[in-house]
Structure formats: C-alpha cells, structure tokens
Amino acid sequence: MAKRSALAIILAAGEGTRMKSATPKVLHHVGGLPMLGHVLRAVAASGIEDIAVVVGPNADAVSGFVAKAAPKATTHVQGERLGTAHAVLAAREAIARGAEDVLVLYADTPLVTAKTMMRIREALADHPLVFPGFRPFSPTGYGRLILDGGRVTAIREEKDASEEERKIGYVWPGIAGFRSDGFVAMLKQIGNTNAKGEYYLTDLVELANRGGKSVGTLEIDADEVSGVNDRQQLSHAEGLFQKVMREAAMADGATLKAPSTVWFSYDTKIGRDVTIEPNVFFGPGVTVGDNVTIRANSHIEGATIAPGAIIGPFARLRPGAVIGADVHVGNFVEVKNATLGEGAKANHLTYIGDADIGAKTNVGAGTITANYDGFDKYRTVVGEGVSIGSNSVLVAPVNVGDGANVAAGSVIVHDVPADALAVARGRQEDKPGWARKFREKKLAEKAARKK
C-alpha cells in the first residue's frame, strides 16, 4: 500500500490565563523545551512533514517560535475562540493542500508521542474518523466517549452530558484523526447549539454516524495526554516527563543513584555505563559519553562530555564546555565556552572561561581565566602538559606553551614560552621580630583601655 500523505494541525490558540503569566501558555517549558516544541518534535518523529499551527490573535511569540522550531510549518490565526471545530477551520488553507490524513493535536499536551500519532493513522485505514480515548483517575471536565460495539456513537461534553453519561470513565483527550475527504464540508455543518454556544469538533461523530461513516477509537495512556492549563498541571507534566527520561536512561545502560533527584532536558544524551549521583541537573544541549561519572550536585548545560571523564561534585558546566576523554572537573569548578583536552584536570575551586586547556594539563585550585574586561571577552590558550599553580590568574588574551609551569599565586599577563617557569608575584620580604612587637603593642593598648 502506498504511503498516505498527512497533515498535523496543532491547536495553540488557548489563552492560558490560569498560568498567570506574560508568557503564552504553550511556550511554558517542560524538560527545557516549550510545550509546543514537544508536540512539533513528536509530529516530525511520526513522519508527518506538513504542519499547521493555529494561534490566537496577537500571538507573535508563538508564531516566532514555530518559525524557528519548524520552518516549514504554517501558522493560521483563529480570530475568535469559538470552539475546537472553529479552530480547525482556521487552518482550512492547510487542509486544502490535499493531505489524505489530518491529525488534530493540542500544543498543551507535551507528552503525546509519535507512536500514538502513527497508531491513529493506522486506524484511519479502517475508519474515516478516529477519536482516541483514555481513562483518567477522574473523568470530570472531559467529553465522554459513548461506544457501541467498539465504535464511537457520540462524544458528550461535560456540560451537555446526562447524569448517566457522566459516569462513563472513557473520555476524549482532544486529539483526533480524519480522512480529508469531505472533512471541511462536515466541519461547516457543525452548529453551536450546545451549552457554551461553541462549535465542537466532537459533533463530527454524530454527523458521521448519520452519514453512514464509522468512527473508530483506540485507547492511549492517560499520562501521554496530560494537558496543561495551570502551574500545578505544568509541574505534573514535568514530573511525568522526567519519569520517562529517567527510565529511558537506565534502560539504555546508565546508573542513576537516586533517580528522582536527577533532572533531564528534552535532548539530553547519556551513554552507557554512565554513573549519575544524586541532585544532578541537565539543561538543554548535553551529550555524555560512555563510562562517565557525574558526581552529586552538578549543573550541566550545553556541554559535551567525552568518555571516561569525571565531573563534580558541585561542578558547573555551562554552554560551550567541551570536556575531553578522562578529564577531571572537580568540586566548585565552573567551565564556560572552553575545551579541556584529554586527561586534563581541574579538581577544585577554579573558573575556566573562554579557554583551551591542553591534554594532561593540571589546573591548580583557585585558578581563574580572567576573560572579560567589562566590554569584550578574550581567550586563554594553555598547551599540553602544563602545570598551573594554585591561586593563579591568567589574564586573557594570553598563551601558555606546552610543558610550562606557572608558579602558584601568579598573575600572568604575558605569553609564557614552552617549558618555561613563569613567576608573577611580589617578592617575599621577612621582617624579624615584627610580629612579636606588634602583639606586644596591641596588648598594651588593650590593657590601657581597661584601666
């Protein structure tokens, strides 16, 4: 059978006033990515290339995000919020592009998967309309799916349902699939005689049944269609997302010492035989190679970590950190936009920013690359096999050659040749007896004050 073309319509026009935020609801993050971004990624993973996003008026931020995250997607404005069918009709131009299957999705259900989208499309081979269902802990607020022999005969919204219908636990999560044949014509037949005076997508079920078209359903996991309307539900979605990511990391061969304390982002990549200790946070853009140990209380974002490295405890890797194989980055070390070559060590109390540190180089405690003069950033380049003494400052731009030594407490402002010793600190001067005389003077002054 030839592959059928498909269009995904993502409804992103909800106001989200219960979020109490200047940020549009669908741009609130789960796992480091706006909820709309999760849905766009799932659509792409399902193989659907034609995407239409329905936004509300004055939704420039949402449209701008779509343009960056899915440049081929089109956006369509729903000028008035008159129900789900009205929102879908806002994308009629996209429907007219001629895709054979149309999926309707919601931007505030960030956990919906590509697998579910593919299942809906498979079901469309048997039914021209497919309305999936799920079984929440409480069905209150959801449209009830009314079945007859496995087919959907109606979906009754909460306000329009009878007392008996409200007892039904199988409900509609808002997503649906349709064959495009006659789809727009059916949408235009929907009336607004319900309790809210809106145009419901669910009314397509009764229209289809009256026209002799079967409406199918398939059950999906309740967690997958967990919608977000307020901060509490956002937190719930984050928890569900983290559970999936933690289980996936462990299934792929990583050890999480305290899984509930490890936080992943949507694009975190973890290798095999990685050990992650408690209270580790991964921001977006992190790739961790095999056999890496990440010790407790570390914060990592926008970093690449090669196999065999040891990070932390209490380490911070910021965007642009590239950690080579078998590198040690220890406690209270911060690395930003810097490369540490294979086997390099910075074990404690160090800031490495805008720098290249060569292989086998040891950076002593308290070392700082002074990379910013208040206006511009400059780079520090340290060669291979260098020893940087404790409490040193490397004032960029500066180069330290291979095999050089920088004496502890030095402030390096000029390039250091290979294999040289650089000493840049004040000369020590000892004054014999000074400390004893100072103590005697201060004790005498203290005694005089007591008289």
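## Aromatic pairs

The structure holds 7 aromatic pairs, a pair being two rings of Phe, Tyr or Trp (its six-membered ring) whose centres lie within 6.5 Å. Planes under 30 degrees apart count as stacked, over 60 as edge-to-face and the rest as tilted. One of the pairs is formed by Phe-131 and Trp-172, and it is tilted, with 5.5 Å centre to centre and 55° between the planes. Phe-131 lies in the loop between β7 (129-130) and β8, and Trp-172 lies in strand β10, so the pair ties together parts that are 41 residues apart in sequence. Both Phe-131 and Trp-172 are buried, where buried means under 20% relative accessible area, exposed over 50% and partly exposed in between (1.4 Å probe, protein chains only). Ring pairs also link Phe-131, Trp-172, Phe-178 and Phe-183 into a cluster.

For another example, look at Trp-434 and Phe-438, which form a stacked pair with 5.1 Å centre to centre and 10° between the planes. These two residues are 4 apart in helix α9 (residues 434-450), so about one helical turn separates them. Phe-438 has 40% relative accessibility and therefore counts as partly exposed.

## About the model

What you are looking at is a predicted model, in which local features need pLDDT of at least 70 and side-chain atom pairs count only at pLDDT 80 or more, while totals for chains, interfaces and linings use all residues. Residues are numbered from 1 along each chain as its sequence is written, and side-chain values use heavy atoms, with hydrogens and water left out.

Helices (H or I, at least four residues) and strands (E, at least two) are DSSP runs, numbered from the N terminus.

## The sheet around β8

Trp-172 brings us to strand β10, which belongs to an open sheet of 3 strands in the order β9-β8-β10, with antiparallel pairing. Strands pair if DSSP finds at least two bridges between them. The edge strands are β9 (151-156) and β10 (171-172), each pairing on one side only.

Strand β8 (residues 143-148) pairs with β10 in the antiparallel sense over 2 bridges, and Arg-144 stands opposite Val-171 in β10. Between β8 and β9, which run antiparallel, there are 5 bridges. The bridge partner of Asp-148 is Arg-151 in β9. The hairpin of β8 and β9 has 2 residues between the strands, and there Gly-149 takes a positive phi near 65°.

## An enclosed strand

Is strand β1 enclosed or open to the outside? In β1 (residues 6-12), 7 of the 7 residues are buried, so the strand is largely enclosed by the rest of the structure. In a regular strand the side chains alternate between the two faces of the sheet. Both faces of β1 are covered: Ala-6, Ala-8, Ile-10 and Ala-12 are buried on one side, and Leu-7, Ile-9 and Leu-11 on the other.

Strand β1 runs parallel to β6 (residues 101-106), joined by 6 bridges, with Ala-8 opposite Leu-103 in β6. Strand β1 also runs parallel to β4 (residues 50-55), again with 6 bridges, and Leu-7 stands opposite Asp-50 in β4.

## Two packed helices

Two packed helices are described by the angle between their axes and the distance between the axes. Helix α1 (residues 35-45) and helix α2 (residues 60-69) pack at an angle of about 35°, with their axes 11 Å apart. Here axes are lines fitted to C-alpha atoms, for helices over the stretch in contact, and angles run from 0 to 180 degrees between N-to-C directions.

Which residues of α1 meet α2? They are Leu-36, Gly-37 and Leu-40, and they meet Val-62, Phe-65, Val-66 and Ala-69 in α2, with contact meaning heavy atoms within 4.5 Å. The contact residues divide into 6 nonpolar, 1 polar and no charged. In this scheme Ala, Val, Leu, Ile, Met, Phe, Trp, Tyr, Cys and Pro count as nonpolar, Asp, Glu, Lys and Arg as charged, and the others, Gly among them, as polar.

## Backbone details

Most residues other than glycine have a negative phi, and most peptide bonds are trans. Asp-273 is not a glycine, yet has a positive phi of about 55°. Asp-273 sits in the loop between β14 (269-270) and β15 (275-276), and its 54% relative accessibility counts as exposed. Phe-332, also not a glycine, has a positive phi of about 55° and lies in strand β24 (residues 328-340).

There are cis peptide bonds to find as well. The bond from Gly-312 to Pro-313 is cis, with omega near 5°, and Pro-313 is in the loop between β21 (310-311) and β22 (316-317). Ala-396 and Pro-397 are also joined by a cis peptide bond, with omega about 0°, and Pro-397 is in the loop between β30 (393-395) and β31 (398-400).
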